[in-house]
Amino acid sequence: MTVREVWEELEAAVVQRKSLFHTPVVATFDGKVPSARTVVLRGVNQAERTLRFHTDRRSSKVRALDKFPALAWHFYDHREKLQIRCVSTAHVLFEGPVWEEAWSQTQLLSRRCYLSEVAPGSVVAEAYPGFPCELVGREPTLEESEPGKENFCCVVGVVSKIEILSLRFEGHERVLFEWDEVAWRESWLAP
Ligand SMILES: Cc1cc2nc3c(=O)[nH]c(=O)nc-3n(C[C@H](O)[C@H](O)[C@H](O)COP(=O)(O)O)c2cc1C
């Protein structure tokens with residue numbers, strides 16, 4: 001598999017909701033504890049080598065990224081037996097054109113989560129749906145959704161390392177692609 005093919009797979013996964021690469025796991029480290037969680041892949045730019053997801057700026061992953069602005073990304077398609085691992089920087093955006101555009105493209109139902117009255121991960125006295133109770137069972141109106149913009153942020157990572165592992169009966173394939181300032185350097189690895 002070439003590095004271009006990897007990027008094409010990831011680009012396709014942004015719009016193909018059924019792609020198993022649509023929901024990668026991203027891992028952070030806050031200096032004490034590693035933490036991994038599923039996110040939705042919202043943007044891929046091969047030319048800029050970036051991957052993007054969206055989150056609540058009050059979440060613990062954003063606090064971890066303040067301390068260590070780096071991400072490990074894990075994608076796995078069990079049907080293809082293909083694992084893709086990436087290492088990137090992490091830039092948390094809560095202003096600017098990329099953030100504005102991302103918010104304007106965010107569907108009303110997705111915006112609902114950014115309306116949570118409490119920060120994600122807060123201890124609550126009883127089960128809480130993650131958004132105001134009056135929005136249970138419905139999406140917010142455009143007007144209702146707007147205050148969520150304050151909590152909305154984009155996390156953009158510039159990828160420096162990609163590793164693929166393809167499991168095959170005929171023989172596995174493990175390849176490392178490392179960005180060396182002008183191009184991707186490719187190395188075969190023992191699986
Ligand atoms: C299918 C799926 C998709 C998710 N997508 C996102 C996402 O795009 N952004 C996000 O912040 N959390 C998403 N979550 C929730 C996270 O996995 C996680 O529980 C939450 O963000 C809190 O993580 P943190 O405490 O590490 O910040 C998703 C969870 C699932 C199961």
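**Loop residues and the ligand shell**

Glu181 counts as exposed, because there are 6 C-beta neighbours inside 10 Å, and 12 or fewer puts a residue in that class. Bear in mind that this is a predicted model. Glu181 sits in the loop between strand E9 (173-179) and strand E10 (184-189). Its backbone is worth a look: Glu181 is not a glycine, yet its phi is positive, about 85°. Most residues other than glycine have a negative phi.

Arg49 is another case, with a positive phi of about 60° although it is not a glycine either. You will find Arg49 in the loop between strand E3 (43-45) and E4. Is Arg49 buried or partly exposed? Arg49 has 19 C-beta neighbours inside 10 Å, so it counts as partly exposed; buried would take 20 or more.

Next, Lys149, in the loop between helix H5 (142-145) and strand E8 (152-166). Lys149 is partly exposed because 17 other C-beta atoms lie within 10 Å.

Now the ligand. It is surrounded by 15 residues, and the closest are Arg37, Val40, Thr55, Ser59 and Lys61. Which elements each supply at least two residues of the shell? They are strand E2 (34-38), strand E4 (50-56) and helix H2 (60-67). E4 gives the largest share, four residues. Sorted by class, the shell has eight polar, four nonpolar and three charged residues.

How values were computed. Residues are numbered from 1 along each chain as its sequence is written. This is a predicted model: local features need pLDDT of at least 70, side-chain atom pairs count only at pLDDT 80 or more; totals for chains, interfaces and linings use all residues. A residue is near a molecule or strand if its C-beta atom, placed from the backbone, lies within 6 Å of it. Ala, Val, Leu, Ile, Met, Phe, Trp, Tyr, Cys and Pro count as nonpolar, Asp, Glu, Lys and Arg as charged, and the others, Gly among them, as polar.
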